[in-house]
Every structure is written in C-alpha cells, then in structure tokens.
Amino acid sequence: MAKPSLIWLLISLLYIASTANCASTTTKSSSRASNFIKASCSATTYPALCVQSLSLYASSIKQSPRQLIQTALSVSLDKAQSTKTFVYKLTKFKGIKPREKAAIKDCFEEIDDTLDKLVKSVKELKNMGSSKGQDYQWHISNVQTWISAALTDENTCVDGFAGKALDGRVKNSITARFVHVERVTSNALALINKFGSQY
C-alpha cells in the first residue's frame, strides 16, 4: 500500500518541479523581452514613454527588432486614429470661435495625412518580405520618409494654435493629444533608424 502513495508523491513532486521550471522559463523570457525593450528605447527621444507604450506587448515583441518596429508603428497608428476621432468630434461642436474652428479643420487634415503615412509605413514593412540589399534599403528609406513627414504634419497642427488668441481648453486638449502622437511617432522613427539595418 505504501508504494502507490510513494508513486503519487513522486508524480506530484515531478509535476510541481516541471510547473516551476516552466514558470521560471516564462519569467526569464518576459524579463529578457522587457530588458530588450528598455535597451532599445534608450535610443529614442522619449525613452520612458517608449518603454511604457511597448511593455504591454513584450510577450509578442520578445527580442525581435522587426516585431519591436512593427509594434511601435502600430502604437503610433492607434494613437493617431484616436486623435483623429477626437478632432472630428470637435469639428461638430457648436460655439467654437471661427479661428479655433479653422485651426481644428487644419488639424483634422493634418492627422488624416499622418494616418495615411503611418498606414503606408506599416504596409511597407509587412510587404517587404525577405528583400535584401538595395531593395531592402529602398523600403526602409520609404518608411523613414513617411514617418518623418507624419511628424511634420503633427507639428503643423500644433503650430496652428500658436498665439494667445487661441488659448483655452480646445487648444490645450488638441495640443496634448498631438504632442503624444508626435512623441510615440518620434520613438517609432528612432527605433526604425536604430534597427533598420537589422530588420
């Protein structure tokens, strides 16, 4: 009778040991991914924001420069889309001053252009496949150009609210959103510049 209990005890211990080993492996993998993200983000202008926005995706990024770049661009695209939705809602508000309304309209056009360039960039990265040499560099150069242009669009919106005449809640809320989009987009560009040759 003692032998079956001993067998169950051994099986239980083996199961606990294998579960602990699996959890340890998962923790090490997650830790390596987090360290990879932190080290990569050190090359950006806004490293704390970079780490914060990409750490949520550590399990899919792992230690892949390609996945890191795609995720950074996706984060930028997501933030730009939510900003576009916000600005669109502002265009429908009543009681906004004519100069504010004109600045909001300009911002809507700028964020629309930003989204177009970010979508092109994401597609370019996904479609470049196993390109090599000059063909590869051409694809990376396209992405860098489009993201740089997206940054210009974002700054143009914020510049449209310059001056005391447009101070207020509308300016503050739009500026905060566009600055956030500009920062995550800047981080994405820095990561592409860092890892473009390794993609």
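Predicted model: local features only at pLDDT ≥ 70, side-chain atom pairs only at ≥ 80, totals over all residues.
User: What pattern does the protein chain follow along the sequence?
Analyst: Start with the element count: there are 7 helices and 0 strands in the protein chain. Going along the sequence, the pattern reads α-α-α-α-α-α-α.

User: What percentage of the contacts in the protein chain with a separation of 6 or more comes from residues 24 or more positions apart?
Analyst: For some background, the protein chain has 199 residues, and 37% of them count as buried. Now take the contacts with a separation of 6 or more: residues 24 or more positions apart account for 75%.

User: Are helices α2 and α7 roughly parallel or roughly perpendicular?
Analyst: Helix α2 covers residues 47–55 and helix α7 covers residues 169–195, and their axes sit 10 Å apart. They pack at an angle of about 85°. Angles from 65 to 115 degrees count as roughly perpendicular. So α2 relative to α7 is roughly perpendicular.

User: How many nonpolar, polar and charged residues does the contact of α2 with α7 have?
Analyst: On the α2 side you've got Leu49, Cys50 and Leu54. From α7 come His180, Arg183, Val184, Asn187 and Leu191. Sorted by class, that contact has 5 nonpolar, 2 polar and 1 charged residues.

User: Which element gives the largest share of the largest nonpolar core?
Analyst: That core has 46 residues, and Leu54, Leu68, Leu73, Ile104, Phe161 and Ile174 touch the most other members. Elements giving two or more residues to the core are α1 (2–41), α2, α3 (58–61), α4 (65–91), α5 (98–127), α6 (133–159) and α7. The largest share is 10 residues, and the element behind it is α7.

User: Which residues is isoleucine 104 in contact with, leaving aside neighbours within four places in sequence?
Analyst: Isoleucine 104 is among the core residues that touch the most other members. With neighbours within four places in sequence set aside, its contacts are Val87, Leu90, Thr91, Ile96, Phe161, Val170 and Ile174.

User: What is the relative accessible area of serine 30?
Analyst: You'll find serine 30 in helix α1. Partly exposed lies between the cut-offs of under 20% for buried and over 50% for exposed. Serine 30 is partly exposed because its relative accessible area is 39%.

User: What distance separates the C-alpha atoms of serine 30 and isoleucine 61?
Analyst: Along the chain, serine 30 and isoleucine 61 are 31 residues apart.

Conventions: Residues numbered from 1 in each chain as written. Heavy atoms only, no water. Axes fitted to C-alpha atoms, helices over the stretch in contact; angles between N-to-C directions. Helix = DSSP H or I, 4+ residues; strand = E, 2+ residues; numbered from the N terminus. Parallel < 35°, antiparallel > 145°, perpendicular 65-115°, else oblique. Contact = heavy atoms within 4.5 Å. Nonpolar A, V, L, I, M, F, W, Y, C, P; charged D, E, K, R; others polar. Core = buried A, V, L, I, M, F, W, Y, C linked by side-chain atoms within 4.5 Å. Buried < 20%, exposed > 50% of the residue type's maximum accessible area, 1.4 Å probe, protein only.
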